[in-house]
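Subject: Handing over a structure, with notes

Dear colleague,

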Amino acid sequence: MSEDTRTGVGGSHEPAATPPLPPYPSTVGHPLLHTVGSMRDVFGFRTRAMAERDLVRIKLLGPGDVYHLGHPDYFERVLLNDRDRFCKSEDFRIAFEGGLVAVEGETWQRQRDVLQPLFTRDSLVDYADGMAAQIRRRRDHWEPGTRIDLTAETSQLSLDVLFATLFGHELELGGDEAIRTAADRLQHWFAPTSYPLPQWVPTPARWRFKRGKRRLQRVATRLLEAKADDPPADPAAADDLLSLLVGLRESGAAEGEALSDDRLRDQVVTMIFAGHDTTSTAIAFAFYALATTPDVRDRFHTEVDTLSGPPTVDDLESLPVTRRIVTEALRKYPPVYTIPREAATDVTIDGSRVPEGAPVWLTVDQVHHDERFYDAPDEFRPERWDGDLRERLPDFAYAPFGGGPRRCIGRQFALMEAQLALAIIGREYDLVLDDPPAEPPMIAGMTARMAPDTEFRVVER
Ligand code: HEM
């Protein structure tokens, strides 16, 4: 870094003269080459682009200039302190219509109020046995000595868990292909080979997304109709999210709009989109890290072997190593590596102007790998979380689940699932990666996933 152009966060919101736009970075070539560079290798490209500044402007063919923000103070401003000046992008509305992830303002607040109680840790404990059963079912279908495609298997697992717990519908282990394919297609909306192109370009990725979404909408409608035929008499006694929502609607306990047929259908698609690849990615990277850091794997095995029986939710408190492996996997490989927003008005950040309507991307991956906050950030070190790191870190320097009022509603659900998956699988099997690459092969969509066909050998312990 030639001069200290980074941070100096803060800046006035109401400058006297119109401030300049942030410069394009000098590290990634001419702006006209940004689209190609970013399509080719999104992670390497942005690391190079943000090497000298925490706020850079990248020129992409479709969205135009995209403002990349890579400092926790910026995150805090966008997600919390100045959140009214940053809204969700049109993209989310087109893709997810009235689902929680896409809506804004009072509509969002009403939906969040209805859904939030279902995602507290206490409520989730009711799902834990169902989660554990799904994890055991998938684990037991692996043959020791064979190889598994871990990306595919964890992706299927997280879908099994979502359907069995939130929707009260068990998917077939080797079946329900149409639903599984459709769920995978939701990722395609944000494919880096398609997203930078103008909305009107009919890319294969957009076509796949639309087909997947339509199919899942039909699935959601069928599930909802089945629940509506037999709504729970007491919504509080319902044992899955859909029954509960249908029960609340039938009992008139919540405002109609938040629970209309269309909204419920959108919530189902949203939960699949938001809860499926995110959680599976976290589990897959945790196993990748275990396979490539023997000292961590030894500590993990020692810990899970202390349990007297099959791991359950009651054991999670006594598995600190497992918990920190998940924490560290979410730092090193944040599934949601970008949190996107749009400037709702002209905003000045550190003397640079972000114009109204501009896409603003919070680069979680960059902050999680920033030496100003983490020692040896490229190393997988769960033990870094042993001491008081959390207290010492600036707010928003660890943001795998975002932050502020729109922080991930499924956070506890995902953490519980990932810890249970590690413990239940890790007690029986070691997932071995022969000739591992130095870094996992990654592909980017809305989440950063391990490339398919990364095969792990299932070894009985
Ligand atoms: C490791 C797993 C997960 C990660 C890394 C993750 C990450 C995130 C992030 C970063 C956000 C904030 C997005 C923003 O501010 O624009 C978010 C929001 C959300 N997540 Fe998650 N998520 C995970 C699991 C889940 C699960 C399991 C569910 C549901 C079952 C879920 C449902 C949602 C929903 C509905 C929102 C929108 C919340 C709102 O706008 O109020 N997520 N998630």
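This is a predicted model: local features need pLDDT of at least 70, side-chain atom pairs count only at pLDDT 80 or more; totals for chains, interfaces and linings use all residues.

The next item is a packed pair of helices. Two packed helices are described by the angle between their axes and by the distance between those axes. Here the pair consists of helix H12, residues 277-292, and helix H14, residues 320-332, which pack at an angle of about 105° with their axes 9 Å apart. Since angles of 65 to 115 degrees count as roughly perpendicular, H12 is roughly perpendicular to H14. On the H12 side the contact is made by Ala282, Ala286 and Leu290, and on the H14 side by Ile325, Ala329 and Leu330. Sorted by class, the contact of H12 with H14 has 6 nonpolar residues, with no polar and no charged ones.

Two buried residues come next. Asp54 sits in the loop between helix H2 (42-49) and strand S1 (55-60), and Asp54 counts as buried because its relative accessibility is 2%, where the cut-off for buried is under 20%. The side chain of Asp54 makes a polar contact, at 2.8 Å, with the side chain of Arg372. Tyr74, which lies in helix H3 (residues 72-81), is also buried, with a relative accessible area of 4%. Between Tyr74 and Leu55 there are 9.0 Å in space, C-alpha to C-alpha, while the two are 19 residues apart in sequence.

Finally, there are two backbone angles to look at with some care. Most residues other than glycine have a negative phi. Glu97, however, has a positive phi, near 45°; this residue lies in the loop between helix H4 (90-96) and helix H5 (105-115), and at 34% relative accessibility it counts as partly exposed. Ala376 likewise has a positive phi, near 40°, and is found in the loop between helix H15 (364-368) and H16. With a relative accessibility of 29%, Ala376 counts as partly exposed.

Methods. Residues are numbered from 1 along each chain as its sequence is written. Side-chain values use heavy atoms; hydrogens and water are left out. Axes are lines fitted to C-alpha atoms, for helices over the stretch in contact, and angles run from 0 to 180 degrees between N-to-C directions. Helices (H or I, at least four residues) and strands (E, at least two) are DSSP runs, numbered from the N terminus. Angles under 35 degrees count as roughly parallel, over 145 as roughly antiparallel, 65 to 115 as roughly perpendicular and the rest as oblique. Contact means heavy atoms within 4.5 Å. Ala, Val, Leu, Ile, Met, Phe, Trp, Tyr, Cys and Pro count as nonpolar, Asp, Glu, Lys and Arg as charged, and the others, Gly among them, as polar. Buried means under 20% relative accessible area, exposed over 50%, partly exposed in between (1.4 Å probe, protein chains only). A polar contact is a pair of N or O atoms within 3.5 Å; within protein, one must be able to donate a hydrogen and the other to accept it, and residues adjacent in sequence count only if both atoms are side-chain atoms.
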